[in-house]
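Trainee: I am new to this one. Could we go through its local features step by step?

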Amino acid sequence: MTVEGRSSNLPTVDGIKQVDSIDGLRTVAEIPIIDLGNINDLVGRQKIVAEVRSATLTWGMFQLVNHGIPQNVMEEMLEGSRRFHEDNKHKKVLESLAVPDLSKKVRLKAGFSQAGIRRKLKDTLVVDIAPEAPSPEEIPSACRDIMLEYVNHVTRLGESLFEIISEMLGLRRDRLKAAKCTEEMTVGCHYYFPAPDSQPIIGNVSHCDPSFLTVLLQDQLGGLQFLHQQTWVDIPPLHGALLVNTGVLLQLITNDQIKSVAHRVLVRNASPRTSVACLYGSPSSKSLHGPLKEFILTEGHAVYKSITTKEYYLHILTNLKDFTAGLQGFKLHY
């Protein structure tokens with residue numbers, strides 16, 4: 001791990017230093033890589049559960065290999081996303097709003113620079129795919145078929161991941177599924193515009209995901225960074241791997257036993273960057289989520305009130321400038 005730069009006197013959130021400066025703390029590191037190939041073997045599964053426990057509690061993220069999703073499906077998903085965004089630049093298939101209309105299950109969200117010259121940095125096609133999918137005709141034809149196929153694969157993978165996390169938490173295998181963690185999904189197809197004059201620029205500010213878990217498929221250009229021990233860590237893409245990170249809803253239902261992890265994207269390339277994030281959480285769901293009783297008993301009280309995913313989305317879209325503040329607005333005070 002090599003430190004490339006340092007920054008001091010950084011603002012803090014929950015005691016963790018936060019910064020969206022290119023000159024801030026940055027390192028290059030290899031995060032845990034977990035092989036799911038032996039998930040159906042008793043000894044192999046125990047090893048996987050232990051590895052997920054260590055990765056989740058130490059890093060809040062890990063890369064998955066032998067996850068069961070064919071390479072050609074992943075490549076076609078990235079290409080379908082890229083195709084939509086390239087077409088949309090010319091045809092304006094969807095128009096973005098400054099504050100997205102969450103009543104629409106298919107929408108385009110634009111990302112702009114936070115300071116200085118207002119510059120469009122990225123576009124995101126957002127599809128609320130579960131608990132109630134939009135009609136197929138609402139999903140742009142450029143990526144419709146492959147998105148539906150890819151989501152089917154990720155759904156099966158997610159069920160396995162939530163079983164593993166249930167086991168690592170000492171719960172029965174289906175506990176998180178019973179808590180409706182697998183019933184919601186939002187797909188975000190991100191398209192980051194090239195860095196101007198090849199100068200690095202923050203394409204997505206530091207934030208915590210409004211999800212239980214996020215499964216990320218990314219191209220090979222890199223740029224994803226996570227905040228680890230007050231240091232921005234570059235996550236080099238691993239061909240064929242998927243990256244999984246924890247979100248605020250998992251932090252909420254585990255009553256702070258698992259913490260969400262802040263991350264951002266630093267665009268350094270002259271070519272557009274593409275990624276597809278499947279977030280287990282959707283503003284179209286009416287389900288109420290709160291700390292599970294098992295964790296309330298451990299802590300002695302609930303740390304957070306119960307909320308819907310839509311409440312959290314609206315909170316971060318309309319009330320927060322610091323997208324790493326997470327669940328601060330939903331804490332219960334004793």
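Trainee: Where does Pro131 lie?
Mentor: Helices (H or I, at least four residues) and strands (E, at least two) are DSSP runs, numbered from the N terminus. Pro131 sits in the loop between strand E8 (120-130) and H3.

Trainee: What should I know about the model and the numbering before going on?
Mentor: This is a predicted model, where local features need pLDDT of at least 70 and side-chain atom pairs count only at pLDDT 80 or more, while totals for chains, interfaces and linings use all residues. Side-chain values use heavy atoms, with hydrogens and water left out, and residues are numbered from 1 along each chain as its sequence is written.

Trainee: Is the peptide bond from Ala130 to Pro131 cis or trans?
Mentor: Most peptide bonds are trans. Look at omega here: it is near 20°. The bond from Ala130 to Pro131 is cis.

Trainee: Which loop holds Asn66, and what is its phi?
Mentor: Asn66 is in the loop between strand E6 (61-65) and helix H2 (71-91). Most residues other than glycine have a negative phi. Asn66 is not a glycine, yet its phi is positive, near 50°.

Trainee: Is Asp256 buried, partly exposed or exposed?
Mentor: Asp256 is in the loop between helix H5 (248-253) and strand E15 (263-267). Its phi is positive, about 80°, although it is not a glycine. Buried means under 20% relative accessible area, exposed over 50%, and partly exposed in between (1.4 Å probe, protein chains only). The relative accessible area of Asp256 is 21%, so Asp256 is partly exposed.

Trainee: How many aromatic pairs are there?
Mentor: Rings of Phe, Tyr and Trp (its six-membered ring) pair if their centres lie within 6.5 Å; planes under 30 degrees apart count as stacked, over 60 as edge-to-face and the rest as tilted. By this rule, the count is 3.

Trainee: What kind of pair do Phe162 and Tyr280 form?
Mentor: Their centres are 5.3 Å apart, with 80° between the planes. That makes the pair edge-to-face.

Trainee: How many residues apart are Phe162 and Tyr280?
Mentor: Phe162 is in helix H3 (residues 144-168). Tyr280 is in the loop between strand E16 (273-279) and strand E17 (288-289). The pair links distant parts of the chain, 118 residues apart.

Trainee: Why does Tyr280 count as buried?
Mentor: Tyr280 counts as buried because its relative accessibility is 1%.​ Phe162 is also buried, with a relative accessible area of 1%.

Trainee: Why is the pair of Tyr312 and Phe330 tilted?
Mentor: The ring centres are 6.1 Å apart. The pair is tilted because the planes are at 45°.
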